[in-house]
Amino acid sequence: MPVGSAVAVLVAGVLTALLAGAGLAGERLLVTFFERPPYYYTRPDGVPAGSMLEETRRILEHAGLRYELRSVPASRILAEMEMGAEPQCSIGWFVTQERRRFAVFSLPFHRSEAQVAVGLPEVAGKLRRVESAQRLLERPDLRLGVVHGFSYGTALDRLLAASVRPVERVRGTPAQVLRMVASRRFDYTFADPEELPMLERAAGLRPGTLVPVPLPDVPVGNLRHLMCSWSVPAATLDRLDAAIRTLFPDLQESAAGPTP
């Protein structure tokens, strides 16, 4: 091979390595979210907003990444992750064994409040008399409805998977399941108390229609992460994790403890 050609090949190889090490090499990282106020949603003027979305902006900007925010239905996000198409990360997901098959997760950047049982006032009294979520799932007189494919956090996911009684799994949204509870198709569901008022509004219900009931055996501590496709370069993931360590150091220390 002529010397000039050999030098050109060497330079091209070095540039390729440098670009790979830089992650997306100047391209925009696609960052998806589904409509879940108050965490992440699209305002009436079309601007993405929400408490967890703003945390994600801080991470991306601290990492020095260019990005594009896009609202996508949750089911499509999961399908695209499984197909492993274009590099993308999605905001605010729980880690599950099933999702680890097709995605990689950042360090945690948000800790949710403990999930609660939610029902009409006439059912809330029964919910309060049950001492734990495990006992609640054993009750034959209380019908539970949940969203198909939705994670309710480590503790509840384990209980739901082990439940000997049937659990109605709806292919829909949390707001749709709340509407079904309000119409008495189900007696109760589970929800994050922080998002309950906005979910009620999304379901067409007056705030306070449904009553949240704490569950003593469901700990605070559901951690939320960026869920990324395997096609996201390792260098990009490293930059995201470095930003999260800097911005949320206390959360990393508490997350290092026992998994709830």
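How many bridges join strand β8 to β11?

**Figure 1. Overview of the predicted protein model**. The secondary structure of the protein comprises 11 helices and 13 strands. Of its 260 residues, 47% count as buried. The accessible surface amounts to about 13000 Å², and carbon and sulfur atoms account for 57% of that surface. Among contacts between residues at least 6 apart in sequence, 74% join residues at least 24 apart.

**Figure 2. The open sheet formed by β11, β8 and β12**. Three strands make up this sheet, arranged in the order β11-β8-β12, with antiparallel pairing. Strands β11 (189-191) and β12 (211-214) are the edge strands, each of which pairs on one side only. On average, neighbouring strands of the sheet are turned by 45° against each other, direction ignored.

**Figure 3. The pairing of β8 with β11**. Strand β8 spans residues 116-119. Three bridges join β8 to β11, and the two strands run antiparallel. Within this pairing, V116 stands opposite A191 in β11.

**Figure 4. Helix α5 against the sheet strands β8 and β12**. Helix α5, formed by residues 121-128, lies across β8 and β12. The helix runs at about 5° to β12. In the sheet order β11-β8-β12, the strand β12 is one of the edge strands and covers residues 211-214.

How values were computed: Residues are numbered from 1 along each chain as its sequence is written. This is a predicted model: local features need pLDDT of at least 70, side-chain atom pairs count only at pLDDT 80 or more; totals for chains, interfaces and linings use all residues. Side-chain values use heavy atoms; hydrogens and water are left out. Two strands pair if DSSP finds at least two bridges between them. Helices (H or I, at least four residues) and strands (E, at least two) are DSSP runs, numbered from the N terminus. Axes are lines fitted to C-alpha atoms, for helices over the stretch in contact, and angles run from 0 to 180 degrees between N-to-C directions. Contact means heavy atoms within 4.5 Å. Buried means under 20% relative accessible area, exposed over 50%, partly exposed in between (1.4 Å probe, protein chains only). Accessible areas come from the Shrake-Rupley method with a 1.4 Å probe; for residues, only the protein chains shown count as cover.
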